[in-house]
Amino acid sequence: MPLQSPVSDHRSVWHTLSESEALQTLSVTANTGLSGEEVSRRLEQYGRNSLPASKRRGPWLRLALQLHNPLIYVLLVAGAVTFALKDYVDAGVIAGVVLINALIGFIQEGKAEKALNAVRAMLASRATVLREGERHEIDAALLVPGDIVLLESGVRVPADLRLVRVKNLRVNEAALTGESMPVDKGTEPVGSDASIGDRTCMAYSGTVVSFGQARGLVVSTGQLSEIGRIGTLVGEVQTLVTPLTRRLDQFARQITLFILAAGLITFLFGYFVREMPMLDIFLAVVGLTVAAIPEGLPAIVTIVLAIGTRTMARKNAIVRRLPAVETLGSVTVICSDKTGTLTKNEMTAVRVMLPNHTLDVTGAGYAPEGGFHCDGVPVEAAQDEALQDLARCALLCNDAQLKHDAAKGWQLVGDPTEGALLTLAHKAGLDPIETATSTPRIDEIPFESEHRFMATLHHDHAGHAFVLLKGAPEHVLGLCVQDASDPLRNGTAWEARMEDAARVGQRVLALARCDMRAGTTALSMADITRRFTLLGLVGLIDPPREEAIAAVAECQRAGVRVKMITGDHVVTAAAIGRQLGLSADHALTGETVESLDDQSLQRVALETDVFARASPEHKLRLVAALQAQGELVAMTGDGVNDAPALKAADIGVAMGHKGTDAAREAADLVLTDDNFATIARAVREGRVVFDNIKKSLLFILPTSGGEAGVILLAVFAGVPLPVTAGQILWVNMITAVTLSLALAFEPAEPGVMRRSPRKPSEPLITRILGVRIAYVSLLMIAVTFAVFEWEIARGSSLEVARTAAVNMLVLGELVYLFNVRHFTASAFTRDILTGNKIALWMCALLIAFQLLLTYAPPMQQVFQTAALDAASWLVILTLGLVKFLAVEVEKFVLRRLHVRSM
Ligand code: ATP
C-alpha cells in the first residue's frame, strides 16, 4: 500500500487494520520509532501537526468598533450640531478628537491582544515520542505520520493515533464526540463502518487520556486529523473582557447617563436663565460632558491587565484566563504540592534499610558516583546480597532512563524518584542493559498517585516468573507476609525504621518481590495481594528549594497562608513543612480529612498547613472548606484528577513541566518552571496590577472632575468660561494619550507584600478614594480659576487668561500624576523621578504639546490661544507646586492614620 493514500484518505481505514498492518503501512516498528532523517522527510511531506489559528476580527472592523462608545456618540452628535450651527472650526476639532480617540483605542487594544497572544503561544503542547529507540519530549507540532507516541493519564492526544499497545487506557472524547464519559480503549481492529466513538483502537487528536498508558502510531496530523477535518478550533481565544472591566464599563455607562442629564440641565440653565448664545452654551455643555465622562477607564484597565499578564509571563507565570490577574492579588491561601514545587524534585537515595543492616549512600545527583557505608565503614556492594536484590528491584521496577551527555552530565528522562533508584542501582554495580536482558519485563502495573505503587512482572532465563513491587511503605508492608518473630518480616520494626528516616525529611519507598507460577505472562491488580517479601526500604532526600523558603516567608508576611498538600508520608511531609517554615505540628493525612465532616474540616483546614497522603478528592474538599471560611484559594495540581480541584479553586495553578495537559487546561495560571516562588511572584504582580488600576481610577476621576467642575462652575456663576470647549477637548485628548497611560507601567509599591490581601468584596471606589477624588477635583477647580481670574485682573486678554487656565489645568494633572504614583507614601523620594521612565517621557511629550498649543500660530488659531509671558508661567508653576504639596499633605495625614493603600 503506498504511504500517501491512507494518510490523506478522508474516509480513513486505520481502525480496520491490525496493529502490524498499520505499522507496516507507515514503515515503522513500535519499539524503535522513526529515524531523524525520515522524520524530516515526512515533516516536509505532510507539514506541521497544527491547526490554523482562530480568525481575528479584521483591522477595519476593529477600528469601527472603537466608535461604539458612549463618549463617541456624544461627540458625533455634538460635531453634527456644531457643524449645523456653522461653527466649522469646532466641528473640525470634534471630528479630530473622534478620530484620534478611535485610533488610540485601536492601538491600545491591539497591543493588549498582542501581549496576550504572545503569552498564549507559550502554552504550545508537547508530546512524548519514540524515535531511534529513545524517548524524546518534543513540540507536538513536529509530529509526523509514523511517529510512535507514548500516552499516559492526563495527556491530550496530540494527533490521530492507531493504538498499538494499551494498558487500562481510558480516553475522554468529549472534545470530538460530546460524550462526557471516558471510553475504554484496546488494540483490536473494528469494522469499517464503526463511528468515531466506536473506534476503540484509535485515539483522536484533542481528546484527553483520563487513565492508563498506551503507545500509539500517528496516522494523521494537523488538518487531516478528525478534529482538523471538522474544523473545531483548539484552544480558547483569550477575551479582553473580565469581571472588572465589565464592572468598570457599567460604572462608566452609569456615570455617562448622569453626566448627560447634568449636561442637559446646564444647557437649559445657561440658555434660559443666563441667556447665553445657543452655540456658546452648547459648546460649553459638550466640553463639560466630554471632560466628565471617564471614557478611557475600561481601556486603561485592559492595558494594565495585559501588561501585568506579560510581566507575569516573563516571570514564568502564564495567565490562561485574564480575570485571574485581578483575583491573584486578593488570594488569601495558597495550597501547593510539595514535590517539585516547594522542593527541588532532585531525588537522591541516601539511606538503604536492609533486613539486617542499614547503609548510608554517598554521592549527590543522578551521577552514579558514590558508594555505601555501614556505620562509617565502606561496604563492598557486590558482596552484599541483600543490597543486590534490592538494587535489582530498584532497577527493574523502574521506567526512568539516565543519559550521559558530555556537556550536561547525567540527565534524567522520567520520574525523579525512579531516577534516584536507578542511580542507586548503578552505585550498587548493576548494569541496566544486562539486567534487563537477563530478566526481561513481561507486564506491568504502572505507578498512579491513587494506589501509590508500581509493579512489574519478569521472567528469567530459567523460566521463573516473579513480580517486583515498589511504593509507599505502609502500602507495600501491608502486601508483605508478616511474622513478628522474624526480623525480616516484622512489620512493626520496619515501620519504626521507616519513621526514623521520614523524621529527617526523607521520602521512603519500600521494595518487595514475590515469585509467580512459571509461565505467567500477565499482571493484574488481582495479583497484588499479601504474598510479597520485603527487600528493604530506601530513603530519598529532596531538599526544599531555597527560593521557596523565602517565598513562603514573603507570603506569610503578606497575609497569605501557605498550605502544603502532598502524596508523601505524613512524617516526611511534616519534616519538610518545618524546613519551609510552615506550621506542621498538626499535620493531617488524607485519611483524617476523609473522616471529618464538612464543619470540622473547615475548622482544621485553617489551623493546619501540612496535608499528607492526600489525593485529588481531598484537594477538592479542602478548597471547598477554605472557601466556606471566606478564603480566596489558589490551588496547584498536575495530574488529570487534579482538574476538578483546579477548577473549583479561585485560582487553579498547573505545572508547566510536570503537569498534564488536563491540569493545564483546567488551570487559570500555568507555571513554566513549576516553582512555588513563581506563584508568590504572581500574587505580588496581581497586587501591582490592582494597585495600578486603582491608581488609574485615582488619576482619571479627579482630573475629569476638575475639568468638568471648571465649566460647570463658570456657567452657573455666570462668569466667562476659563477654558473653551475646544480647549477641554484638547486637554482630554492629550492627557489620554500621555498621562493616563503612564500609570499602567507603575512598578510595585514598596510595601506591596507587607499588607494584607484586598478583600474581594471591597468596592472599587472606597471611602478614602472617594474623598481623594473630591479633594483633588476641588483643588483643580481652585487653581484653574485662580490663574484665570488673576490674568483677567491684571488686564490680560480673554485668550491669554484662557491659555493660562488651560496650562494650569494640564500642569495640575501632571503634578498630580507624581502624587498618585504612591497611594499614601511620600512623593519626596528619588524613585519618584527614576522609578517610572515612561511617566517621564509622557510628561515631556505633554509639555511639548502644551508649548505647541501656546506658541504655534496654527494652534493659536484653532484653539483661540495666545502666547504667555514669564509672569504667567511663574504663577502657573507656583500654583502647580502648591497643588502638589496640598495632596502631599493629605497623604501625610493618611499615613498618620496608618492608611497604606486606598
Ligand atoms: P506531591 O503531591 O507533594 O507533589 P508527589 O506528587 O510526588 O508529591 P505522589 O507522586 O503521589 O506524590 O507519590 C506519593 C507516594 O507514592 C510517594 O510518597 C511514594 O511513596 C510513592 N511513589 C512515588 N513515586 C513512585 C514511583 N515511581 N513508584 C512507586 N511509588 C512511588
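**A walk through charges and helices**

Just after helix 3, G47 takes up a positive phi of about 85°. Helices here are DSSP runs of H or I with at least four residues, strands are runs of E with at least two, and both are numbered from the N terminus. Keep in mind that this is a predicted model, where local features need pLDDT of at least 70, side-chain atom pairs count only at pLDDT 80 or more, and totals for chains, interfaces and linings use all residues. Residues are numbered from 1 along each chain as its sequence is written, and side-chain values use heavy atoms, with hydrogens and water left out.

Let's step back into helix 3 itself, which covers residues 36-46. Its residues E38, V39, R42 and Y46 are buried (under 20% relative accessible area with a 1.4 Å probe and protein chains only; exposed is over 50%, and partly exposed is in between). These four cover an arc of only 100° around the axis, so they sit on the same side of helix 3; the arc is taken from the directions from the helix axis to the C-beta atoms. On the other side, E37 and E44 are exposed.

Side chains of opposite charge can pair when their charged atoms come close. A salt bridge here is a side-chain nitrogen of Lys or Arg within 4 Å of a carboxyl oxygen of Asp or Glu. How many salt bridges does the structure hold? There are 38.

K167 pairs with D443, with the closest N and O atoms 3.1 Å apart. Because K167 lies in strand 4 (residues 160-172) and D443 in strand 16, this pair ties together parts that are 276 residues apart in sequence. K167 counts as buried at 15% relative accessibility, and D443 is buried at 16%.

Another salt bridge is formed by K619 and D337, with their closest N and O atoms 2.8 Å apart.

Finally, look at E890 and R772, whose closest N and O atoms are 2.8 Å apart in their salt bridge. E890 lies in helix 33 (residues 870-896) and R772 in helix 28 (residues 767-793), so parts 118 residues apart in sequence are tied together. E890 and R772 are both buried.
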